[in-house]
Amino acid sequence: IHSIKLLCRILHRHYGVAPVVLIDEYDKPVTDTYNESHHEEILGIIRDFLRLILKDNEHLTKCVITGVSQVAKESMFSDLNNLYVNNILSTDLDEWFGFTEMEVSEILVNDDGIVDENKMRIAKEWYDGYVFGNTEVYNPWSILMYNNTGKADKYRIETGGDRIVNDLLKNPDEEMQKKLERLLSNEGLPMDVRTGISMRDLGNSPENLFSMLLVAGYLTAVPIAGNSGEDVPIAEGRIVKIPNMEVRRHLAAMVAGMYNRGTIITNMTKLTDAVISGNENDILERLPDVIEFFFPYGKARYEEGYQTAFMACLAFLGDRFDVKSEYVAGTGKADIWVRRLYGPGCNMVLEIKRVEEGQDPDILSEKALEQILNHRYTAGLKGRTPVFGIALGGGKPSVIRKELFI
């Protein structure tokens, strides 16, 4: 414990300049021992360590400390003065916590030194969206990995914060489940969350989970339209949302563990992938599990229920697709209308029928497909456009697909 202070004194005497001490991830031992018997012991050790370095140390110019937990709230800093806290809402260093759009465009260039627009679009979908103060930035580590590998993937480094969030997600109440599902469906939530929470605060209220998600990088806080942009409590002028596809995929896998049917998120994403690829066998394989999850006590009471289930799955498509339900196209309204904006994939139109007693699902799915074609629900779409007639609620689902090139 005394070694760092001794080193400060030696360096000061040798160079004639008091050193700067950098402590990265100061709270890693705290998060790693969350809810364990030796948690308080670890807190005590870190408290004594920091006190020796920071308090009355004449051989120190300054100390810079980084971590997930805001230092001013942790009890280990309670007897220290002159702490300057910079959090995700602060504006004075906001552009330094990630890559700006201009910096990413200078990284993602082709062999001729020209910006690769396709890679930029993918990078924006997967790694952009973090707001620090008033500046939107990209995840720097993931951008570098994407540039090196050429593949969009989850490069986010696992930290102790994952363990805490997983613990808190084990037994969520109904309200918490609904909020998490809304976040995963691309909706933002006005939340009374704060950046200055400590490990001791986490179990006190459900809102503290969102605080942890926010400061740990799972969520971002964006100003509500019309807000002046100054640092204000989030509930008064900001909403929280999932920043990008990388975090959405990562968080979705974690949220899956809060359900008894732990594979539901996996099934939802696989169903989405099957619809995009147009693989009818895969669609038929994934549909029953997804529909059973949404309607565990039988089929949906109304056809709109099945539309909602599909819309929840297609929310995982992200910003590369424009997804609409009950969309006016041609001479009617398409149940689900999907337009590809950029990148891999295709347009899609889905017409869903609820099977009533005595109806043949195969005949009903054929009628659904005919409805798409007869009413020209593909109006406004260009390129490869598979269309699907789907019948649900009569036992085994029926799916009929037709490939169109418009």
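Q: In which loop does D128 lie?
A: This is a predicted model. Helix α5 covers residues 117-127, and β3 covers 130-132. D128 falls in the loop between α5 and β3.

Q: Is D128 buried or exposed?
A: Buried means under 20% relative accessible area. D128 has a relative accessible area of 3%. That value is under the 20% cut-off, so D128 counts as buried.

Q: Which side chain joins D128 in a polar contact of 2.7 Å?
A: A polar contact needs a pair of N or O atoms within 3.5 Å. The contact here is 2.7 Å and runs from side chain to side chain. The partner of D128 is K124.

Q: Which residues is D128 in contact with, leaving aside neighbours within four places in sequence?
A: Contact means heavy atoms within 4.5 Å. With those neighbours left aside, the contacts of D128 are E101, A123, E136, V137, Y138, P243 and N244.

Q: How many residues of strand β10 are buried?
A: Strand β10 spans residues 384-392 and is mostly covered. Of its 9 residues, the number buried is 8.

Q: In which sense do β9 and β10 pair, parallel or antiparallel?
A: Strand β9 covers residues 348-354. V349 stands opposite V387 in β10. The two strands share 6 bridges, and their sense is parallel.

Q: Through which helix does the chain cross from β9 to β10?
A: This β-α-β crossover is right-handed. The helix spans residues 361-374 and is α15.

Q: Which residue in β11 stands opposite A391?
A: Strand β11 covers residues 398-405 and runs antiparallel to β10, joined by 8 bridges. Opposite A391 stands S398.

Conventions
Residues numbered from 1 in each chain as written. Predicted model: local features only at pLDDT ≥ 70, side-chain atom pairs only at ≥ 80, totals over all residues. Heavy atoms only, no water. Buried < 20%, exposed > 50% of the residue type's maximum accessible area, 1.4 Å probe, protein only. Helix = DSSP H or I, 4+ residues; strand = E, 2+ residues; numbered from the N terminus. Pairing = 2+ DSSP bridges. Right-handed = clockwise from strand over helix to strand, strands pointing away. Polar contact = N/O pair within 3.5 Å; in protein donor to acceptor, adjacent residues only side chain to side chain.
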